[in-house]
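Please look through the sequence and the three-dimensional structure shown below.

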Amino acid sequence: MKLNLTDLGWNDFFERQFAPYREQGWKPARLIRDNKISYGALLEDGANGFDELDVVLSGKVYHDCQTDAELPAVGDWVALEVAREQRGENVIRARLPRQTCFSRRASGLSAEEQVIAANVSTVMVVTEAGPDHSPRRMERYFALIARSGAKAVVLINKADLFDEEDNQSAAEELRVLNPDADVHIISVRRRKNLKALKPYFKRGETVALIGSSGVGKSALVNLILGEDWQWVDEVNEVTGKGRHTTTARELLVLEKGGILIDNPGIKEVQMWTDETTLRERFADIDQIALQCRFGDCKHGTDTGCAIRAAVEAGTLGADRYEGYLKLEEEIAKLRKQRKKRQMTVERRNKRDHKIKARNKVDREDIERDLKPRA
């Protein structure tokens, strides 16, 4: 079966965004791999429906990006200038706006946003009912997924290794944390309940698969790509990898419908979200906070704190309360880091403007324009 742009996730939104670039003779392509220096992209062309090309980023696109998160990422649609000669370079001339963007704060001390996957319909988190089960970490995942605009799905894998009571308890705990999330108990090894995943892999729909190392994520990908899963025979010949082990982020097109973005195991879930999204995830705690004696209650040792009273009464779990405070503290810290970074950028811009001014009159005009107004 010959695939087309729709199978790759193209829709009316991207068609409208691409219109100005089509006039330039450029072609739409979707990024399937990020090799740091270059990218892999799928282009609708050729006898097989798509050509897989190595592409590079134009200097203009790179320099126009204010942050790393604005650079093209796996899952992005781009305007591609295809090389006319066999040895020429295929160049990304623009990145189209994203419909959704699943990201986190980059690991380490950075305040930068790291894009995990762009233009995804569903973010599927693989976990288990054993050592990897962590409601606090899942709260972070849910906050990030909500901000991205994608659908949250949780797969509690390795059901065959734990008691049914433990599996159901873990599933119910996550459903309480996020009633909008779909939670499925599965076993990749025993092929249990895998049909529950089929509705998420539809034509043109993109699923990002994430989770900690060791929860069976790679085994699940192997099964999706292999012939032993009856509703997915094999991956598109352009992107097929056979048995699969995740070493880098990669987009894979399933021939019978759906698109999968596989990710290496995530060791830490650093927050990259805003206060509004956080409040939505902890609406129950906010309702309790309305009963605090003082409007500026810090929910610690303050007199008349309704949240602390709820924890002491057992109506609010201590772990959930601590997770709420930790997330709020982390977002406040991130906001401070962003402000510091913005100040650095502004100072650099002022310096660059001064350098560009080659005479005293121009320099005075620039300094006057940059001077904060009261």
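**An enclosed helix and its setting**

Helix α5 (residues 217–225) is largely enclosed by the rest of the structure, because seven of its nine residues are buried, where buried means under 20% relative accessible area, exposed over 50% and partly exposed in between, with a 1.4 Å probe and protein chains only. This is a predicted model, in which local features need pLDDT of at least 70 and side-chain atom pairs count only at pLDDT 80 or more, while totals for chains, interfaces and linings use all residues. Residues are numbered from 1 along each chain as its sequence is written, and side-chain values use heavy atoms, with hydrogens and water left out.

**Helix α5**

- The buried residues of α5 are Lys 217, Leu 220, Val 221, Asn 222, Leu 223, Ile 224 and Leu 225.
- The cover over these buried residues includes the strands β8 (122–128), β9 (151–157), β11, β12 (250–253) and β13 (259–262); helices (H or I, at least four residues) and strands (E, at least two) are DSSP runs, numbered from the N terminus.

**The protein as a whole**

- The protein contains 10 helices and 13 strands, and of its 374 residues 48% count as buried.
- Among contacts with a separation of 6 or more, 64% are made by residues 24 or more positions apart, a contact being heavy atoms within 4.5 Å.
- The accessible surface comes to about 20100 Å², and 46% of that area belongs to carbon and sulfur atoms; accessible areas come from the Shrake-Rupley method with a 1.4 Å probe.

**The pair α3 and α4**

- The axes of helix α3 (residues 135–148) and helix α4 (residues 164–177) come within 10 Å and cross at roughly 40 degrees, the axes being lines fitted to C-alpha atoms, for helices over the stretch in contact, with angles running from 0 to 180 degrees between N-to-C directions.
- That angle makes α3 oblique to α4, since angles under 35 degrees count as roughly parallel, over 145 as roughly antiparallel, 65 to 115 as roughly perpendicular and the rest as oblique.
- From α3, Pro 135, Arg 136, Met 138, Glu 139 and Phe 142 meet Glu 173, Leu 174 and Leu 177 of α4.
- The residues of this contact of α3 with α4 divide into five nonpolar, no polar and three charged, where Ala, Val, Leu, Ile, Met, Phe, Trp, Tyr, Cys and Pro count as nonpolar, Asp, Glu, Lys and Arg as charged, and the others, Gly among them, as polar.

**Individual residues in strand and helix**

- Thr 122 lies in strand β8 and counts as buried at 6% relative accessibility; leaving out residues up to four places away in sequence, Thr 122 touches Ala 150, Lys 151, Val 153, Tyr 200, Thr 206, Val 207 and Ala 208.
- Gln 168 belongs to helix α4 and is partly exposed, with a relative accessible area of 37%; the C-alpha atoms of Gln 168 and His 184, 16 residues apart along the chain, are separated by 9.6 Å.

**Individual residues in loops**

- Ser 38 sits in the loop between β1 (27–34) and β2 (39–44), counts as buried at 19% relative accessibility and, not counting residues up to four places away in sequence, touches Val 55 and Val 56.
- Lys 192 is placed in the loop between β10 (182–185) and β11 (206–211) and is partly exposed, with a relative accessible area of 35%.
- Aside from neighbours within four places in sequence, Lys 192 is in contact with Ala 159, Glu 164, Ile 185, Ile 186 and Ser 187, and the C-alpha atoms of Lys 192 and Asn 157, 35 residues apart along the chain, are separated by 9.3 Å.
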